[in-house]
Amino acid sequence: MTGDEEARATADGERVRTMTDCDADTPYALAAYARRHLLRLSPAAGDHPAAEELEADVRSWATARGLSTPGDDWLERRRIGRLVGRCMPGAPVAVAQVTARYLAWVFHFDDTVAEHADRLAAHRVWDPPAILRSGRLPAGAPACTHFTSLVSAHEDIVAAGGTGLLPLLADGLRRYSESCARETPWRATGAAPTLADYLAQRVHTSGGHPMYLHLLAPGMPSGRDPLTAPLTGLAELAFLIGGLANDLLGHASEQQQGDPVNAVTVLAHEYGLPVPEAYRAALVLHAGHQHRFDAARAGLLADTTLSAPRRRFVHAVTGWVAGSAAAVEPYWHHLLATHPTRGTG
């Protein structure tokens, strides 16, 4: 943490400690409790040495591609360069840079398209995964900002030596868009899905697949030493952990919007729980998946036959889980900025 972040964290802690018992179930108090839980499980990682460069680059890239306009604060709230730097602090700058750019595209698509049924359907007609893989717009496709910037992301990935990763990334984008589409009926009806259905989609709607760009770093699995099912399973567990963390910090806002697609709302519906109890159950759910991840990671690293490249990938995925604190911090500070009272919600 920077000095300013430490000061804010101390102040936030004081605010939480001075609450009375009747404050304990406010959205603010629940979010504060979740934040402490997340930081305890995944202490904030250190910054990438080029953190400021990464942040400046992704903002410049997004602005030049039309994903950001003057007065639009989504990049400030997301702080994508910092997030990627925290998740892959030892990666070469060029690898972290291309990862941040593609992740910016996914985040912008998520914020502006994925949760809107009509927009999502209109975009899916033109097959974004195929655009990412080929770097070309289909005949007749509109030259909209999302498609042209996706072509730019393709070019960046190829320039970084990632041509061989395009099928894997395109498959990740396909799974993401399909899972977003499966959430559409839940939002349209306001009915929460079952927990099993929700978790199956949340693995992919978390938008974690840009993590595979970490494979561009030296010494990672490739060619004759590819990823195995246990390794991709570990990565998908990391995606789910990130999605659940997002649910915890984003619940107050989603509850106000009447969005049922959140782990807290799902648990409340599945087990007939009041929201505060469902929120605490979501914390336990997150911790359970974190412990599953830790056990799976330990098992892989204990395997003496695991190759050095695959071992590096396990450590890389671990970095993305550890970096999750950086992903939730902007949500926390946005919550404080927009709902400064303890009774927010």
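## Overall picture

Of the contacts in the protein chain between residues at least 6 apart in sequence, 74% join residues at least 24 apart, where a contact means heavy atoms within 4.5 Å. This is a predicted model, so local features need pLDDT of at least 70 and side-chain atom pairs count only at pLDDT 80 or more, while totals for chains, interfaces and linings use all residues. Residues are numbered from 1 along each chain as its sequence is written, and side-chain values use heavy atoms, with hydrogens and water left out.

On secondary structure, the protein chain has 16 helices and 0 strands. These are DSSP runs numbered from the N terminus (helices: H or I, at least four residues; strands: E, at least two). Buried residues account for 52% of the 345 residues; buried means under 20% relative accessible area, exposed means over 50%, and partly exposed is in between (1.4 Å probe, protein chains only). The protein chain exposes about 14,700 Å², with carbon and sulfur atoms supplying 55% of that area. The areas come from the Shrake-Rupley method with a 1.4 Å probe, and for residues only the protein chains shown count as cover.

## Salt bridges between separate parts

Searching the whole structure turns up 16 salt bridges, each being a side-chain nitrogen of Lys or Arg within 4 Å of a carboxyl oxygen of Asp or Glu. Take Arg-86 and Asp-47, whose side chains meet at 2.7 Å, N to O. Arg-86 sits in helix α5 (residues 80-87) and Asp-47 in the loop between α2 (27-41) and α3 (51-64), so this pair ties together parts 39 residues apart in sequence. The two ends have their own burial classes: Arg-86 is buried at 3% relative accessibility, whereas Asp-47 is partly exposed at 36%.

Another pair is Arg-78 with Asp-111, a salt bridge of 2.6 Å, N to O. Here Arg-78 comes from helix α4 (residues 74-78) and Asp-111 from helix α6 (residues 93-114), so parts 33 residues apart in sequence are tied together. Arg-78 is buried, with a relative accessible area of 11%, and Asp-111 is partly exposed at 34%.

Arg-174 is partly exposed at 32% relative accessibility, and Glu-178 is partly exposed at 24%.

Then there's a network of salt bridges linking Glu-115, Glu-183, Arg-187 and Asp-259. Asp-259 is in the loop between α12 (229-257) and α13, and this loop residue is buried, with a relative accessible area of 9%. Leaving aside residues up to four places away in sequence, Asp-259 touches Glu-115, Arg-187, Glu-254 and Thr-265.

## How α3 meets α5

Helices α3 and α5 pack at an angle of about 135°, their axes 7 Å apart. Axes are lines fitted to C-alpha atoms, for helices over the stretch in contact, and angles run from 0 to 180 degrees between N-to-C directions. That makes α3 oblique to α5, given that angles under 35 degrees count as roughly parallel, over 145 as roughly antiparallel, 65 to 115 as roughly perpendicular and the rest as oblique.

From α3, the contact uses Leu-54, Glu-55 and Val-58; from α5, it uses Ile-80, Gly-81, Arg-82 and Gly-85.

## Around Val-264

Val-264 lies in helix α13 (residues 263-271) and is buried, with a relative accessible area of 1%. Not counting residues up to four places away in sequence, Val-264 touches Leu-248, His-251, Val-275, Ala-278, Tyr-279 and Ala-282. Val-264 and Ala-282 are 18 residues apart in sequence, with a C-alpha to C-alpha distance of 5.7 Å.

## Positive phi in two loops

If you're checking backbone torsions, Arg-79 has a positive phi of about 50° although it is not a glycine. Arg-79 is in the loop between α4 and α5, and is partly exposed at 25% relative accessibility.

Asp-127, also not a glycine, has a positive phi of about 55°. Asp-127 is placed in the loop between α7 (117-124) and α8 (128-134), and is partly exposed with a relative accessible area of 37%.
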